[in-house]
Amino acid sequence: MQLQQTSCGDHLQKYSTARVLHWSCMMAGGRSLDTIAATCVITLCLTCLHVTSLKSQLFTRLGEQRSTTEPPISYKTLYFAQKIDHFGFLQDGTFKQRYLVADKHWHQPDGPILFYTGNEGDITWFCNNTGFMWEVAEQLGAMLVFAEHRYYGESLPFGQASYSDSKHLNYLTSEQALADFAVLIENLKSTIPGARNSPVIAIGGSYGGMLSAWFRMKYPNIVIGALAASAPIWQFPDMVPCGDFYKVVTQDFAKSGDNCDANIRRSWKAINNLSSSASGLQWLSEEFSLCTPLKNNNDAVSFKSWLQETWVNLAMVDYPYEANFLQPLPAWPIQVVCKYLNFNSTVSDYQLLQGVAQAAKVYYNYTGNSPCLNTSQTATGSLGALGWFFQACTEMVMPMCTDGVQDMFEPEEWNFQAFSDECNSVFGVRPRADWAGTVYGGKKIGSHSNIIFSNGGLDPWSAGGVTSNITQSLVSILIPDGAHHLDLRYSNKLDPPSVRDARALELKYFQKWIRQAQKSTGTRPSISKNWKMFT
């Protein structure tokens with residue numbers, strides 16, 4: 001098999017150079033592998049192949065710098081010898097799992113531990129951008145632990161060979177990652193003085209939020225509860241309609257400006273019209289200030305996918321204040337974008353696309369510092385794109401589709417077979433479409449307890465999330481004015497009341513769980529004096 005003769009990186013580069021395979025990350029198909037590798041994470045912050053297959057599954061959350069107005073943070077970087085395979089006995093090797101610890105506010109003994117279940121990327125990035133944990137640590141008297149997900153950041157089971165082929169990637173699964181977290185916590189509680197009876201709460205966002213929920217489900221003996229922010233645990237086959245994700249994106253644009261979604265829907269045909277000639281391709285390249293000019297129809301297809309991904313990213317990061325989560329952006333960026341898209345239906349293709357170009361530049365050049373727009377990336381920095389590709393090609397199968405009617409994108413059906421074929425051609429593996437539902441319960445999770453599912457009404461990932469209470473202890477918190485895991489970000493004076501209320505409620509649930517855990521173990525409460533009992 002060809003994949004066995006070359007590294008995964010070489011294999012991807014071969015397809016990238018030849019532009020034979022087209023992937024669709026965050027959007028419709030047509031993106032080349034070099035484009036995807038440069039722009040996709042998860043991240044899911046979850047990826048996409050061919051036919052909208054992994055479309056948007058990346059939760060693209062790339063490289064934000066912390067705001068200088070946020071308080072300084074300090075943590076220790078540590079490493080733990082983790083088994084490569086928790087579920088077999090022939091592979092007895094270990095690797096160094098990186099984790100970060102901040103214990104400045106920890107109340108000893110038996111103070112709580114807030115444990116971040118690492119996503120598909122460098123753990124220091126998540127540590128720096130999960131302000132909610134840092135802000136509640138003192139009030140709870142909590143230790144903070146941020147655990148890196150295997151195969152990402154520095155936590156590589158086989159070092160530089162970890163991505164060399166599918167054999168080495170075989171241990172990259174959510175199940176192995178959850179076992180890593182469980183073993184790490186057990187070790188911390190047995191080696192840190194005063195931590196033996198510390199109650200642990202799992203916290204995560206996007207894919208990390210999925211992991212935090214699944215962690216509580218699979219290891220209720222390890223964590224007393226979980227906060228799963230923007231966690232699409234139902235974005236799997238036969239759980240939610242494949243088109244709902246893009247409906248939410250469209251709704252965000254529709255309510256942010258007159259004719260905004262309608263003109264984006266019209267723009268695809270306008271691009272097709274202009275890209276049919278060399279002069280039209282040149283005009284598009286110049287109007288959009290592209291770093292690499294469009295030369296042919298394949299370039300035009302990739303260009304449209306780049307634009308599609310841009311609109312999705314804007315929906316994910318439609319925050320009420322200036323932020324640089326994916327790119328430096330103004331407050332409520334979709335409203336700013338839509339100011340350039342309020343045409344009536346009589347404008348020419350050229351006029352329409354001039355507006356689209358200006359709208360795209362809000363996302364890619366808000367600072368005015370970019371001399372040109374690079375269609376090979378949609379976000380700054382990078383996370384574990386290749387690793388997430390593999391996860392999406394094995395167990396994280398998230399159907400996505402568009403119809404061009406209920407959404408503002410070009411029609412594209414979900415085609416599992418085409419998706420599976422592309423996974424096989426790249427990695428030599430085929431996805432198990434129903435595995436996530438089998439191993440994590442799908443929608444039959446009512447027997448579990450103590451999980452908060454928070455979702456923003458502006459976040460397209462809410463379409464695959466839990467948005468209503470299941471039981472009294474499997475609760476949904478909706479943030480109507482919230483984008484992607486806004487509640488996990490640092491608080492801001494421009495935060496809408498809904499996210500402030502959400503954070504306050506999340507904190508009360510934490511307090512309740514900790515009280516219950518300490519009561520059941522007979523340990524004395526090691527908590528801040530200003531706690532109030534939540535019933």
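**Exercise 1.** Does methionine 143 count as buried or exposed?

*Solution.* Start with the basis: this is a predicted model, in which local features need pLDDT of at least 70, side-chain atom pairs count only at pLDDT 80 or more, and totals for chains, interfaces and linings use all residues. Residues are numbered from 1 along each chain as its sequence is written, and side-chain values use heavy atoms, with hydrogens and water left out.

Step 1. Take the cut-offs: buried means under 20% relative accessible area, exposed over 50%, and partly exposed in between, with a 1.4 Å probe and protein chains only.

Step 2. Methionine 143 has 1% relative accessibility, so methionine 143 counts as buried.

Step 3. Find its place: methionine 143 lies in strand β6 (residues 143–147). Helices (H or I, at least four residues) and strands (E, at least two) are DSSP runs, numbered from the N terminus.

Step 4. List the neighbours. Leaving out residues up to four places away in sequence, methionine 143 touches Val101, Ala102, Asp103, Trp106, Pro112, Ile113, Leu114 and Ile192. Contact means heavy atoms within 4.5 Å.

**Exercise 2.** Describe how helix α10 packs against helix α12.

*Solution.* Step 1. Two packed helices are described by the angle between their axes and the distance between the axes. Axes are lines fitted to C-alpha atoms, for helices over the stretch in contact, and angles run from 0 to 180 degrees between N-to-C directions.

Step 2. For α10 (residues 260–274) and α12 (residues 297–316), the angle is about 165 degrees and the axes are 11 Å apart.

Step 3. α10 and α12 are therefore roughly antiparallel; angles under 35 degrees count as roughly parallel, over 145 as roughly antiparallel, 65 to 115 as roughly perpendicular and the rest as oblique.

Step 4. On the α10 side, the contact is made by Ile264, Trp268, Ile271 and Asn272, and on the α12 side by Phe303, Lys304, Leu307, Gln308 and Trp311.

Step 5. Sorted by class, this contact of α10 with α12 has six nonpolar, two polar and one charged residues. Ala, Val, Leu, Ile, Met, Phe, Trp, Tyr, Cys and Pro count as nonpolar, Asp, Glu, Lys and Arg as charged, and the others, Gly among them, as polar.

**Exercise 3.** How many residues of helix α15 are buried?

*Solution.* Step 1. The buried residues of α15 are Ala385, Leu386, Gly387, Trp388, Phe389, Phe390, Gln391 and Ala392.

Step 2. Eight of the eight residues of α15 (residues 385–392) are buried, so α15 is largely enclosed by the rest of the structure.

Step 3. For the chain, buried residues make up 61% of the 535 residues.
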